[in-house]
Amino acid sequence: MTVIGARHHTTARRWWARAAFAAVAFTAVLLIVVAGVFGTLALVATTFGGVAVMAAFGYWFLSGRGAARWICLAVALLTPVAVLVMFVQQRLLWVVLVALAATAVAVACARVALDEGRRPVRERDTAPPKHPFLVMNPHSGGGTVVEKDLVRRAEELGAEVALLDGPEIVDVAELARQAVARGADLLGVAGGDGTQALVAAVAAEHDLPFLVISAGTRNHFALDLGLDRSDPVAGLEALRDGVEIRIDLGMIGDRVFVNNASFGVYAEIVRSPAYRDDKGGTVLRMLPDLLAEGGGPRLTVRAGDATVDGPQAVLVSNGTYRTNDLAGLGRRTALDDGVLGLVTVSVSSARQAVGLLGRVRERGVTQYEVTEAVVDSDADEIAVGVDGESLTVRTPVRCTVRPGALRVRVPRTRPGVPPPKVTLDWVRLRSLAWGRTPGR
């Protein structure tokens, strides 16, 4: 198995993270050497006290009236002057200025290190399809297909549409293969991500362009392609004026996934009937109870020379999530980097479990970028959530990535993927600076 330990600017980001901590350490050492421990504490307390006074009186100035308002402004303006005079009297002004400069350097280095960035996606012009074939699920997304009149709009653009409106179970992959046999030169889906993945697999198999129409409930795949999730009609515009991009596909065994495959606690949540309509609420309600039960198969995850034994939740994603979100509700940094994101979580309390709904900050979390991961268990079969669909698979389960396997046709004009907002997360920064990467 191959593990990607440093790609694009991973090594550079590691050194930027170390530089940030070096600047913080320099600041602390400078203050202690010059002012002593108690002097440093007094210096910090004075600085933060001054900031607090300025903020409070500044707020009262903005919200007050009459003479009291102007008194508050005077106090807010005079507070930093008084603090500076105090530093000058103690001959510590130069220390404060150097410490502030070092702190600014630390923050700047931290932001560079934590900026995962996003390369501009490579596009190429291609001729519009002559025989597009689209699968549409009128039940997805609360009836978006019917509400937006997508069938008529697609047919007006020359597409053949297969509508999944019957009570019987339909093999959408077989529908797509039959369309290819009839001469379809583009396959597309207006429906959930699970259906998207099934048809995308057929498109990749025949090297045909694939069209995503955001008519599902969450439309995570459409989000990371830079499409407008609130306007599925705009997705159809790609049939007339579109460009083509190539992205990766994740594989769990021989099944394709476009977003993620989840094991353990989260896979059990996906099996809940309530999950489809209320993902976040279902996670919040079920996690503490599932963890308290402490049952279920014991998992083991192997990636390169790294082994994680007994995690309660495992997420393998097609590309890495930028928010480290176990529930897969965040955004991915890229879909064409040729890697899988691997997150394993071991938690011991309901508080930590609820914390998984947001940014992962707890201990027991490991995060890797890999090209292959194997999830094994002490059970012959385990539950897996694949793009929100619940499956049961035999162990061990091998997850891999197929770089550039899928051609995706997207509208030439679309919102695109906004650059990630870099927030200071010192826990992540510490992990980046000195955390272990599998394979190293």
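Reply: An axis here is a line fitted to C-alpha atoms, for helices over the stretch in contact, and angles are taken between N-to-C directions and run from 0 to 180 degrees. Helices (H or I, at least four residues) and strands (E, at least two) are DSSP runs numbered from the N terminus. The model is predicted: local features require pLDDT of at least 70 and side-chain atom pairs pLDDT 80 or more, while totals for chains, interfaces and linings use all residues. Residues are numbered from 1 along each chain as its sequence is written, and side-chain values use heavy atoms, with hydrogens and water left out.

Two packed helices are described by the angle between their axes and the distance between the axes. Helix 6 (residues 172–181) packs against helix 7 (residues 193–205) at an angle of about 35°, and their axes lie 9 Å apart. Helix 6 contributes Val 172, Ala 173, Ala 176, Arg 177 and Val 180 to the contact, and helix 7 supplies Thr 195, Leu 198, Val 199, Val 202 and Glu 205. Contact means heavy atoms within 4.5 Å.

The loop between helix 7 and strand 5 (209–213) contains Asp 207. Phi of Asp 207 is near 55°, a positive value in a residue other than glycine. Most residues other than glycine have a negative phi, and most peptide bonds are trans. Asp 207 has a relative accessibility of 38% and therefore counts as partly exposed; buried means under 20% relative accessible area, exposed over 50%, and partly exposed in between (1.4 Å probe, protein chains only).

Asp 149, in the loop between helix 4 and helix 5 (150–156), likewise has a positive phi, of about 55°, without being a glycine. Its relative accessible area is 31%, so Asp 149 is partly exposed. Thr 144, by contrast, belongs to helix 4 (residues 144–147) and is buried because its relative accessibility is 11%. Leaving aside residues up to four places away in sequence, Thr 144 touches Leu 150, Ala 215 and Pro 232.

Val 408 and Ala 204 are 204 residues apart along the chain, yet their C-alpha atoms are separated by 9.6 Å. Val 408 lies in strand 17 (residues 397–411) and is buried, since its relative accessible area is 0%. Beyond residues up to four places away in sequence, Val 408 touches Phe 210, Leu 225, Val 243, Glu 244, Ile 245 and Ile 247. Pro 396 is placed in the loop between strand 16 (389–394) and strand 17, and a cis peptide bond, with omega about -5°, joins Thr 395 to Pro 396.

As for the whole, the protein chain has 13 helices and 17 strands. Of its 440 residues, 47% are buried. Among contacts with a separation of 6 or more, 74% are between residues 24 or more positions apart.
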